[in-house]
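I opened the model to look up two things.

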Amino acid sequence: MSSFYTTLTGLDAFHTQISQISNNMANLETTAYKSNGISFEEVLTETMTLNSATSPVAGKGVSILGSSTSWEQGDLLATGNTTDLAITGEGFFIVNDELAGGTTATYYTRDGGFQYRVDPATSQATLLNDYGMAVQGYVMDPAPGALGALGDITVPTSYLRTDINDDGVVSGTDASGTVTNLFQLALAIFSSKDGLNKVNDGLYIATSASGNAQVAAAGSGQVGSSPSGALELSNVDMASEMADLVI
């Protein structure tokens, strides 16, 4: 019976690993996807004959030790779209989701595939991710180098064009050609990225294990810069995944 149980734990472990490999391969073209791996451990042995110092021992099979995420940065793909942003550094974009009752939930992501959505009632365009969550940035005060409150990045539709530079500065150009700096993109870093809780293949939430988000303007310190017109590709290594699948 014990040998059957040992075999069963092995089959279950392989099934879990194949599912993880399949998920990585399925997300090969998912923007900024981070590959995941599974580690295993041998279940502690148990004595076949109790109270005997010389009795033989038998392994009880294998169990899943845990999963881990590879945070290695993916290659950058130039898109030419000014609202597509990548991160060269340790940071995460910050996006807020409006919930019922006027509350908001904060998520963190490396996926910078953003676009503006215009609110006809306010004539403001808000920078959103694919889930309709508002990208966060600092209001730029008129004083050089001064940053205001952190909030949704919104641009008046009266501007003829908007741009985002590599330091995450969102600017608008009016009919006279005058350029006004409006927001600077905010990025977050964590003391332990492995402690982040993944809610899907692109969004994370902070936990006690990750520590609180340390938020700073793009282009400053460890958070990194945010090149415009590019997206970070998945870091899945297809050759490695295929080799693991064969094994």
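I took two strands as paired if DSSP finds at least two bridges between them. Strands (E, at least two residues) and helices (H or I, at least four) are DSSP runs, numbered from the N terminus. This is a predicted model: local features need pLDDT of at least 70, side-chain atom pairs count only at pLDDT 80 or more, and totals for chains, interfaces and linings use all residues. Residues are numbered from 1 along each chain as its sequence is written, and side-chain values use heavy atoms, with hydrogens and water left out.

Entry one: strand β10.
I looked up β10, residues 134-140. Strand β6 (residues 92-98) runs antiparallel to β10, and two bridges join them. There, A134 is the bridge partner of N96. Strand β11 (residues 147-152) is also antiparallel to β10, over four bridges. M140 faces L147 of β11. Strand β15 (residues 179-189) joins β10 through three bridges, again antiparallel. V139 has F183 of β15 as its bridge partner.

I then asked: how many of the seven residues of β10 are buried? Buried means under 20% relative accessible area, exposed over 50%, partly exposed in between (1.4 Å probe, protein chains only). Six are buried, so β10 is largely enclosed by the rest of the structure.

I18, M242 and L245 make a nonpolar surface patch of about 240 Å². I18 sits in helix α1, residues 2-26. I18 is partly exposed, at 43% relative accessible area. Areas come from the Shrake-Rupley method with a 1.4 Å probe; for residues, only the protein chains shown count as cover. Nonpolar side chains (Val, Leu, Ile, Met, Phe, Trp, Tyr) are joined within 5 Å, like charges within 9 Å.

Technical notes
Patches are made of residues with over 30% relative accessible area and no salt bridge: like charges are joined within 9 Å, nonpolar side chains (Val, Leu, Ile, Met, Phe, Trp, Tyr) within 5 Å. A salt bridge is a side-chain nitrogen of Lys or Arg within 4 Å of a carboxyl oxygen of Asp or Glu.
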